[in-house]
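Dear colleague,

Please find below the structure that I am handing over to you. I would be grateful if you kept it open while reading the notes that come after it.

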Amino acid sequence: MILPIIVLFIIGAAFGSFLSVVIYRLHKEKKGIFFGKSECLYCHKHLKWSDLIPVVSYLMHLGKCAHCKKPIHISYLLLELVCGLLFVSFYLVYPFFTFNFDAIIFFDFILLLKFIYFVFVGWILIGILFYDTKHLEIPEIFTLPTILLIFVVGLFLPEPGLQSMVIGGALGGLFFGAQVWISKEKWLGAGDVQVGILMGLLFGWQLLILAVLISYIIGSIISIALLALKKVTPKSQIPFAPFLVIGTFVTLLFGDLILDIYLNSIF
Ligand SMILES: [Zn+2]
């Protein structure tokens with residue numbers, strides 16, 4: 001089991017590295033978001049392949065550009081680590097293959113499809129988390145196609161089922177849409193509403209409620225900590241989608257476990 005985990009962590013970290021390029025180019029609205037060579041933000045030197053090894057390059061150059069020695073933001077390293085963890089954690093949920101040094105021992109196609117689906121949705125969610133934290137907005141290229149994808153795939157999945165999915169999507173949209181309307185976009189923005197719809201379709205209405213609850217609890221704890229550490233003031237605008245993304249991951253990975261513990265504790 002340890003070999004696939006190492007391989008998937010490396011692939012995931014590479015996807016994280018790619019995501020940081022996508023985020024940067026989306027913000028600059030550069031042409032060729034998905035293609036074109038990577039370059040340093042400061043000296044604009046094109047990076048060699050040896051500067052592009054996820055995690056390793058960053059650590060080897062102590063977080064600095066290999067050419068101009070300007071510091072590279074820690075978020076690049078974090079994004080690579082988080083995407084590595086994303087691949088590993090969904091592999092543990094959907095262990096679609098195992099192999100040794102000499103042979104593939106086990107392979108399951110359905111588990112592979114589920115793994116690809118959840119890793120893709122997770123990858124987009126991580127993009128939303130980092131983009132919103134950095135730029136206080138959410139690009140629709142992240143949300144709208146993913147909403148469509150989740151709806152279409154949801155038609156073929158046994159869980160949460162069409163009815164729960166549609167109610168969940170509507171509930172997520174209305175709940176966050178109402179807050180945007182009441183606060184005149186001061187608390188939340190249109191992007192948060194889209195993330196709400198996405199979560200509702202992904203979870204169905206029952207697990208959506210759990211995911212939103214978890215998001216608010218995590219959001220409160222982190223906001224209070226940031227206030228206490230004086231990293232923000234009560235007037236600062238704190239992005240909300242990152243908490244929704246964290247709540248979504250906690251629910252995807254541990255939702256059933258949390259519900260079991262909760263139900264066992266009241267009955
Ligand atoms: Zn440079």
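This is a predicted model: local features need pLDDT of at least 70, side-chain atom pairs count only at pLDDT 80 or more; totals for chains, interfaces and linings use all residues.

Domains

The chain is divided into two parts, domain 1 (1-135) and domain 2 (138-267). The C-alpha centres of domain 1 and domain 2 are 24 Å apart. Contact between them involves 22 residues of domain 1 and 24 residues of domain 2.

The size of an interface is often expressed as the accessible area that is lost when the parts come together. Here, the area buried between domain 1 and domain 2 is about 1,900 Å², and carbon and sulfur atoms give 89% of that area. On the side of domain 1, the residues that lose the most area to domain 2 are Tyr 117, Leu 125 and Ile 128; together they account for 32% of what that side buries. How many salt bridges are there between domain 1 and domain 2? The count is zero.

The second largest pocket

The second largest pocket holds about 590 Å³ of space. It is lined by 26 residues, of which Tyr 94, Phe 118, Glu 159, Leu 207 and Asp 256 are the closest to its centre. The elements that each give two or more residues to this lining are helix 3, helix 4, helix 5, helix 6, helix 7 (190-228) and helix 8 (241-266). Helix 8 supplies the largest share, seven residues. By class, the lining consists of 18 nonpolar, five polar and three charged residues.

The cavity

The structure holds one cavity of 30 Å³ or more. The volume of the largest cavity is about 70 Å³. Its lining is formed by Ser 20, Ile 23, Tyr 24, Ser 75, Tyr 76, Leu 79, Phe 130, Tyr 131 and Lys 134. Helix 1 (2-28), helix 3 (74-93) and helix 4 (109-135) are the elements that give two or more residues to this lining. Sorted by class, the lining of the largest cavity has six nonpolar residues, two polar residues and one charged residue.

Backbone geometry

The peptide bond that joins Glu 159 and Pro 160 is cis, with omega at about 0°. Pro 160 is found in the loop between helix 5 (140-154) and helix 6 (162-182), while Glu 159 is one of the residues closest to the centre of the second largest pocket.

The other place is Val 55, which has a positive phi of about 60° although it is not a glycine. Val 55 belongs to the loop between helix 1 and helix 2 (56-60).

Yours sincerely,
A colleague

Technical notes:
Residues are numbered from 1 along each chain as its sequence is written. Side-chain values use heavy atoms; hydrogens and water are left out. On a 1 Å grid over the protein atoms alone, a cavity is a set of points where a 1.4 Å probe fits but cannot get out, and a pocket is an open set with protein on both sides within 12 Å along at least five of seven lines; lining residues have an atom within 4 Å of a point. Grid points are joined across faces, edges and corners, and a volume is the space filled by probe spheres set on the points. Helices (H or I, at least four residues) and strands (E, at least two) are DSSP runs, numbered from the N terminus. Ala, Val, Leu, Ile, Met, Phe, Trp, Tyr, Cys and Pro count as nonpolar, Asp, Glu, Lys and Arg as charged, and the others, Gly among them, as polar. Domain bounds come from an automatic or database domain assignment. Contact means heavy atoms within 4.5 Å. Buried area is the accessible area (1.4 Å probe) that two parts lose on being put together, summed over both. A salt bridge is a side-chain nitrogen of Lys or Arg within 4 Å of a carboxyl oxygen of Asp or Glu.
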